[in-house]
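Subject: Structure for you to look at

Dear colleague,

Here is the structure I promised to pass on, with my notes on its salt bridges and on one pair of helices. Please read the notes with the model open beside you.

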Amino acid sequence: MTSATNDRRTVAGDGHARQTGSRLTAGRGRLSRWRWSRDDESGWLAEIRRSLDRPLTSYHLVIGVSGLLLALGLVMVLSASSVYALSVYGDSYALAARQFIWVAAGLPMAFVASRLPPRVLRAMVYPALIVSIVLLALTLTPLGVSVNGNRNWLSFGGPFLLQPSEAAKLALVLWGADLFARKEKLLSEWKHLVIPFVPVCGVVLALVLAQRDLGTSLVLFSLVLVMLFVVGTPMRFFGIAVAGVGLVVTYLVVTREHRRERLTTFLDPFADYRDTGWQAAHSLFALGTGGWWGVGIGNSREKWGRLPEAHTDFIYAVIGEELGLAGTIIVLGLFLTLAFVGVRIALRADDTFTRLATAGIIGWLTAQALVNMGAVLVLLPIAGIPLPLVSYGGSAMLPTLFAIGLLVSFARNEPAARAALADRRKSRAAAKAAAGTKAAAGTKVMSRAKVASDKKARTTKG
């Protein structure tokens, strides 16, 4: 009797393990569809492939692309904010100086993130999530400040405001990655896929929606779907989730006049050009004025009070005006390159936490960039969210730079990258040792020559 029971338990355990393995394999398989085919490659395509196959390519691309976006952002914030800063603060460089301070504060954070051991990082995720939820709840208290109809800012006194929803994106990604990594062997059961991840995400989304911030809610929803997709959630779940969110968004749009206005403006910005369509129309004017190559950095006309939020949510329109279609395509290409590198890192990761954290960060940054660009191009309703690494704002810049630092860390820890870095360290140590040996040998030769010279001098003197 006991033997039969044990046999049944063994068979059940084997089935459970096979089901869990198939679920995780499905998640990895979805990512692996992004891999390029090696068949029929020749010429310059083969050369590109060989360059991308180098072990440190992901590491160099993350740093290079992020650095370019950051440098472009500093230049464009200076250009786009100069007129507004002069009229409000009496100094054309006031907002650009603040942005420089935020970047200077964020770069050390990115460096620290790139060196954080995974154990320390994962120990921080629960406190970070709790703090983020508390800060989101505080926006609904008298500490909350409304900006452009959204009560998504906190003021603790002084000139600076804090937007907790930006940090909540990063906290939710890291917490979800840690949660699924810990429950990896239980993910064959749907309840472990859903609980507690979906309820906690629902709480965060509800708090953001209570702030009337629909744009950030859509970004949060996108990164949640990305993480569930990568972990291997059945596809039928996504249909149910999208349908449910569609009903919620429809309700929110119908019940709020300013959201209805944004939707009608998106459909035809010139129907109410002097009121609700003003921002979208002038965004199109800026892009049209820029033409192919732009009017030159600093020469934007729309930043002279015509285009609202030129240095924040609509900085992409100023890029299009001053750098033309070429500039906008380059920016889009940089974000798509960053997304490609993220997928590459996730594919090469040898642990679940790294794979999920990378997918979540890339899903967040890519979704936010595309929603921002879509609103500027009037392909999507105006969402009121910044362009990552480019738009003005410290609340968005600091979590984004920390996330970039994590991507750098994950890229350094790819198996091939670890081996290449270890070989590089060994080569440097060997070269240093050889240089030391050579220097010691030279010193010894010089010492012998000096002894011989002294002996010769004494002999001559005698």
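Helices in these notes are DSSP runs (H or I, at least four residues), numbered from the N terminus, while strands are runs of E of at least two residues. This is a predicted model, in which local features need pLDDT of at least 70 and side-chain atom pairs count only at pLDDT 80 or more, whereas totals for chains, interfaces and linings use all residues. Residues are numbered from 1 along each chain as its sequence is written, and side-chain values use heavy atoms, with hydrogens and water left out.

Salt bridges

The structure holds five salt bridges, the term meaning a side-chain nitrogen of Lys or Arg within 4 Å of a carboxyl oxygen of Asp or Glu. In helix α6 (residues 164-182), K169 and E166 sit three residues apart, about one turn of the helix, and their side chains meet in a salt bridge at 3.2 Å, N to O. Both K169 and E166 are buried, where buried means under 20% relative accessible area, exposed over 50%, and partly exposed in between (1.4 Å probe, protein chains only).

Helix α6 also holds D178 and R182, four residues apart and again about one turn of the helix, and these two side chains form a salt bridge at 2.8 Å, N to O. D178 is buried, with a relative accessible area of 0%, whereas R182 is exposed at 56%.

K303 pairs with E322, their closest N and O atoms being 3.8 Å apart. K303 and E322 are both buried. Salt bridges that share partners also join R122, D178 and R182 into one network.

The α14 and α15 pair

The axes of helix α14 (residues 352-376) and helix α15 (residues 394-412) come within 10 Å and cross at roughly 140°; axes are lines fitted to C-alpha atoms, for helices over the stretch in contact, and angles run from 0 to 180 degrees between N-to-C directions. That angle makes α14 oblique to α15, since angles under 35 degrees count as roughly parallel, over 145 as roughly antiparallel, 65 to 115 as roughly perpendicular and the rest as oblique. The residues in contact (heavy atoms within 4.5 Å) include F353 and W364 of α14 and P399 and F410 of α15.

Best wishes
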